[in-house]
Amino acid sequence: MAYTVPKLTDYSPGALEEAASECVGACAGEAAEVRSEAELKAFRDRWMARKNGILTQINDLWLKSAPKDAKREAGIRVNELKARITETVEAAHVGGDGNSLAAEQVDISLPGVRRPIGAEHPVMRTWHEIVSVFQKLGYSVAEGPVVETDYYNFEALNFPPNHPARDTQDTLFIAGQQSKPQRERLLLRTHTSPVQIRTMEKMRPPIRIVIPGTVHRNDPPDASHSPMFHQIEGLAVDNNITFGDLKGTLDHAMKTLFGSSVKTHFRPSFFPFTEPSAELYVTCFICGGSGKRGADSCRPCKQTGWIEVLGCGMVDPNVFEFVKHNGYDPKKVSGFAFGMGVDRLALLKYGVDDIQLFFQGDVRFLQQFG
Ligand SMILES: [Zn+2]
């Protein structure tokens with residue numbers, strides 16, 4: 001029911017207060033109900049119009065008809081009331097009072113903002129898989145510096161002084177080293193093999209280690225080359241280690257990595273730091289060794305059914321000579337070593353045809369591995 005201004009008979013402060021708060025409450029209630037510009041205008045006129053507006057009525061009914069002794073008190077009350085009504089009317093707007101609060105309300109039942117948590121990079125995933133295969137065989141992880149001396153990168157690994165791998169077309173050297181003797185010159189290591197020597201200098205035999213890390217070569221980037229890539233090296237040294245141990249270990253590792261049905265195959269090769277040396281091939285895990293994918297030929301194995309995965313061999317006795325003082329007498333100990341390219345295995349494993357995709361940081365590419 002719409003508010004009408006009551007006539008007052010009781011002018012006590014309590015009665016005035018009660019009448020005033022009833023009036024303010026009614027005004028605020030009507031303000032909250034305003035739903036259009038037309039309603040807003042009607043609401044303002046009803047309360048503020050000079051001719052017969054509610055404030056004018058209050059002036060007439062409460063103040064002018066007040067008994068003489070109550071006039072002063074009634075005057076103060078009515079002025080206060082006018083101020084509060086004016087404020088309420090001026091603050092009124094279309095949509096009513098309730099809606100400004102509704103707009104600020106937080107819906108606590110909404111789901112929160114999800115931030116993508118990221119995923120392991122395909123190269124790092126392959127890296128961790130390979131390392132864990134050897135950790136389960138009792139190997140520990142060793143690491144070494146990326147900036148190496150010629151001694152650890154070449155000399156102690158039995159590279160002769162004029163070996164072509166030292167050529168600046170293959171190796172990235174640190175500038176300004178010409179005044180130093182060759183063995184002290186700094187370079188970006190071209191393989192993780194220097195860590196073999198560094199580890200044998202610190203630890204006496206027997207040892208079993210895997211060495212993951214980044215390596216650099218002076219290769220311009222293309223679909224299969226990158227000036228920076230990743231290698232995992234392995235080394236086992238003990239009494240009576242034979243080529244049979246090498247074959248058994250790597251056969252087990254390949255079956256764990258690529259599935260129990262892969263076959264392994266060793267072909268003679270050459271590396272300065274192993275003798276004899278071999279390249280390890282596994283049956284193509286894409287075509288299963290047939291060389292065909294349906295009617296098409298299998299590209300990753302070039303239709304041969306075999307994929308080269310790593311180089312390996314028995315540690316050359318000349319390498320042990322460099323660490324003989326720490327218990328590696330080539331007459332008493334023997335060992336094997338192997339090294340593989342992590343990026344190359346990741347390319348094969350995930351069917352990626354351009355190594356550059358691994359290093360460009362394109363989220364559209366990387367999201368596929370999330
Ligand atoms: Zn194939």
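A residue is called buried here if its relative accessible area is under 20%, exposed if over 50%, and partly exposed in between, with a 1.4 Å probe and protein chains only. The model is predicted, so local features need pLDDT of at least 70 and side-chain atom pairs count only at pLDDT 80 or more, while totals for chains, interfaces and linings use all residues. Residues are numbered from 1 along each chain as its sequence is written, and side-chain values use heavy atoms, with hydrogens and water left out.

The metal site comes first. Cys-284, Cys-287, Cys-298 and Cys-301 coordinate the zinc ion through their SG atoms, at 2.2 to 2.3 Å. Donors are N, O and S atoms within 2.8 Å of the metal (3.2 Å for Na, K and Ca); water is not among the atoms, so sites may look incomplete. The 4 donor atoms make angles of 100 to 115°, and the site is tetrahedral. Four donors count as tetrahedral if all angles lie between 85 and 135 degrees; four count as square planar and six as octahedral if opposite donors are over 155 degrees apart and all others between 65 and 115, and anything else is irregular. Ideal angles at a metal are 109.5 degrees for four tetrahedral donors.

Along the chain, the donors of the zinc ion have the spacing C-x2-C-x10-C-x2-C. Cys-284 sits in the loop between strand E7 (274-283) and strand E8 (292-293), and Cys-298 in the loop between strand E9 (296-297) and strand E10 (306-315), so this pair ties together parts that are 14 residues apart in sequence. Both Cys-284 and Cys-298 are buried. The element names come from DSSP runs, numbered from the N terminus: helices (H or I) have at least four residues and strands (E) at least two.

E7 and E10 also belong to a sheet. This open sheet has 7 strands in the order E1-E4-E5-E11-E10-E7-E6, with mixed pairing. Its edge strands are strand E1 (140-141) and strand E6 (264-271), each of which pairs on one side only. Two strands pair if DSSP finds at least two bridges between them. E7 and E10 run antiparallel and are joined by 8 bridges; Ser-277 has Gly-313 in E10 as its bridge partner. E10 is in turn joined to E11 by 4 bridges, again antiparallel, and here Met-314 has Phe-336 in E11 as its partner. E11 pairs with E5 in the antiparallel sense over 8 bridges, with Ser-334 in E11 as the bridge partner of Asp-238. E11 is mostly covered, with 6 of its 8 residues buried.

Contact means heavy atoms within 4.5 Å. After H11 comes Gly-351, which has a positive phi, near 65°.

Helix H3 (residues 54-64) has Ile-54, Leu-55, Ile-58 and Trp-62 buried. These residues cover an arc of only 90° around the axis, which puts them on the same side of H3. The arc is that of the directions from the helix axis to the C-beta atoms. Helix H1 (13-32), helix H2 (37-48) and helix H4 (71-91) are among the parts that cover the buried residues of H3.

The last topic is charge pairing. The structure holds 13 salt bridges, a salt bridge being a side-chain nitrogen of Lys or Arg within 4 Å of a carboxyl oxygen of Asp or Glu. One of them links Lys-41 and Asp-45, with the closest N and O atoms 3.1 Å apart. Lys-41 and Asp-45 are 4 residues apart in helix H2, so about one helical turn separates them. Lys-41 is exposed at 54% relative accessible area, whereas Asp-45 is partly exposed at 39%. In the pair Arg-364 and Asp-362, the closest N and O atoms are 2.8 Å apart; Arg-364 is exposed at 65% and Asp-362 partly exposed at 26%. Between Glu-321 and Lys-324 the corresponding distance is 3.8 Å. Glu-321 is partly exposed at 42%, and Lys-324 is partly exposed at 37%. Glu-17, Glu-73 and Arg-77 are linked in a network of salt bridges.
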